[in-house]
Amino acid sequence: MSQEVKITLYHFNMMTRAELFRLILHYNGVQFEDKRLAFPEWKEFKQTHKELLPFGQLPVLDWNGKIIAQSHCIARYLAQKFGQSFANTLLILKCKLMLK
């Protein structure tokens, strides 16, 4: 990536749908902040960071201040951003399996 981009992934501190996003970012050598929340932190975080949570849910990706929510939207955004779009039907299948 040519210019400095600040990326933060907010998700629960467990194996969730956010694993796919982490894999895409790591695979592409992208530096990002991995903010994992424990359930006891969630209630306070939800109240104090409403601007990050358009649907009141995790995971959320903050891409240079652009908030992207919902697992499928984040996956598609990242895949298209890195030229790994869903044109390949096998790739579509693998991503859908990881999101289930």
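Pro59 is placed in the loop between α2 and β3, where helices (H or I, at least four residues) and strands (E, at least two) are DSSP runs numbered from the N terminus. The peptide bond that joins Leu58 and Pro59 is cis, with omega at about 5 degrees. In the loop between β3 and β4 lies Asn64, which has a positive phi of about 55 degrees although it is not a glycine. As background to both residues, most residues other than glycine have a negative phi, and most peptide bonds are trans.

The model is predicted, and local features need pLDDT of at least 70, side-chain atom pairs count only at pLDDT 80 or more, and totals for chains, interfaces and linings use all residues. Residues are numbered from 1 along each chain as its sequence is written, and side-chain values use heavy atoms, with hydrogens and water left out.

Four strands form an open sheet in the order β2-β1-β3-β4, with mixed pairing; two strands are taken to pair if DSSP finds at least two bridges between them. Strands β2 and β4 (66–69) are the edge strands, each pairing on one side only. Neighbouring strands of this sheet are turned against each other by 15 degrees on average, direction ignored. Helix α2 (residues 39–48) packs on the sheet and touches β1 and β2, and its direction makes about 105 degrees with that of β2. Here contact means heavy atoms within 4.5 Å, while axes are lines fitted to C-alpha atoms, for helices over the stretch in contact, and angles run from 0 to 180 degrees between N-to-C directions.

Within the sheet, strand β1 (residues 7–12) and strand β2 (residues 33–37) run parallel and are joined by five bridges, and His11 has Arg36 in β2 as its bridge partner. Strand β3 (residues 60–63) pairs with β4 in the antiparallel sense over four bridges; Val60 has Ala69 in β4 as its bridge partner, and Leu61 stands opposite Ile68 in β4.

Helix α1 also packs with helix α3 (residues 71–81), at an angle of about 10 degrees and with the axes 10 Å apart. This makes α1 roughly parallel to α3, as angles under 35 degrees count as roughly parallel, over 145 as roughly antiparallel, 65 to 115 as roughly perpendicular and the rest as oblique. In this contact, Leu20, Phe21, Ile24 and Leu25 of α1 meet Ser71, Ile74, Ala75 and Leu78 of α3.

A search of the whole structure finds six aromatic pairs, counted where ring centres of Phe, Tyr and Trp (its six-membered ring) lie within 6.5 Å, with planes under 30 degrees apart called stacked, over 60 edge-to-face and the rest tilted. One of them is the edge-to-face pair of Trp63 and Tyr77, at 5.6 Å centre to centre and 75 degrees between the planes. Trp63 lies in strand β3 and Tyr77 in helix α3, so the pair ties together parts that are 14 residues apart in sequence.
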